[in-house]
Amino acid sequence: MPMTPSGTSYSAVVHSPPDTVDDAHDFLERVWAERGDVSVPERMVMETVLSELVTNVIQNNPHRPVFCEVALTITADELRLETTDTGEPLLGRPEPRMPGEEAESGRGLALIELMVDELTYRHDAAGNVWSARKVRGRPQAG
């Protein structure tokens, strides 16, 4: 899984199969090794967001290979994580809401919305595009 740093932008590709969410985490570990200015809480937010988004892509496309490009942009003001995947298009943007206590899944988007300042979804020629933005220096909601 290649990583291409370009100033404040980093990118990687996850092919599933054979790659897993662990490959996405490995990408972030390499970025964090280079970027000591990203705080532990900011890292945790981006790791959670990436894990939830990539897990959704893999779980929602169990019978077909998918390609997921991950891009992380780090500036003095914000962290922006964008994923673009070739999974099945979503019919509209799912509404993030916490499921009932007994539910075993379905919390990912609601969790992301609690952690970031902005979460957007669109489908275009490249596929499903999710973008999460976290303003730096602002504590997460919750």
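Student: What makes the largest nonpolar core of this predicted model a core, and which residues have the most contacts inside it?
Tutor: A nonpolar core is a set of buried nonpolar residues joined through side-chain atoms within 4.5 Å. The largest such set has 30 residues. F27, W32, V49, L50, L72 and I74 have the most contacts inside it.

Student: Which elements give two or more residues to this core?
Tutor: The helices are α1 (21–34), α2 (40–59) and α3 (108–115). The strands are β1 (9–16), β2, β3, β4 (118–124) and β5.

Student: What is L72 in contact with, leaving aside its neighbours within four places in sequence?
Tutor: Contact means heavy atoms within 4.5 Å. On that basis L72 touches T8, S9, Y10, F27, L28, V31, W32, M46, R80 and L81.

Student: Why is strand β3 called largely enclosed?
Tutor: Buried means under 20% relative accessible area. In β3 (residues 78–85), 6 of the 8 residues are buried, so the rest of the structure largely encloses this strand.

Student: How do you know that β2 and β3 pair?
Tutor: Pairing takes at least two bridges. Strand β2 (residues 66–74) and β3 have 7 and run antiparallel. With 3 residues between them, the two strands form a hairpin.

Student: How many bridges join β3 to strand β5?
Tutor: There are 8, and the sense is antiparallel. The requirement is at least two, so β3 and β5 (residues 127–135) count as paired. D85 has N128 in β5 as its bridge partner.

Student: What links β4 to β5?
Tutor: 7 bridges, again with the strands antiparallel. Within this pair, R122 is the bridge partner of V129 in β5.

Student: What is the strand order of the sheet?
Tutor: The order is β1-β2-β3-β5-β4, an open sheet of 5 strands with antiparallel pairing.

Student: Why are β1 and β4 called edge strands?
Tutor: Each pairs on one side only. Neighbouring strands are turned by 15 degrees against each other on average, direction ignored.

Student: Where do α1 and α2 lie?
Tutor: α1 lies across β1 and β2, at about 20 degrees to β2. α2 lies across β1, β2, β3 and β5, at about 10 degrees to β3.

Student: Which residues of α3 are buried, and what do they pack against?
Tutor: G108, L109, A110, I112 and M115 are buried. The buried residues of α3 pack against α2, β4 and β5.

Student: Where is confidence lowest, and where highest?
Tutor: It is lowest in α3, at a mean of 88, and highest in β3, at 96. The chain has a mean pLDDT of 84, with 81% of its residues at 70 or more.

How values were computed: Residues are numbered from 1 along each chain as its sequence is written. This is a predicted model: local features need pLDDT of at least 70, side-chain atom pairs count only at pLDDT 80 or more; totals for chains, interfaces and linings use all residues. Side-chain values use heavy atoms; hydrogens and water are left out. Buried means under 20% relative accessible area, exposed over 50%, partly exposed in between (1.4 Å probe, protein chains only). Helices (H or I, at least four residues) and strands (E, at least two) are DSSP runs, numbered from the N terminus. pLDDT is the predictor's confidence in each residue, from 0 to 100. Axes are lines fitted to C-alpha atoms, for helices over the stretch in contact, and angles run from 0 to 180 degrees between N-to-C directions.
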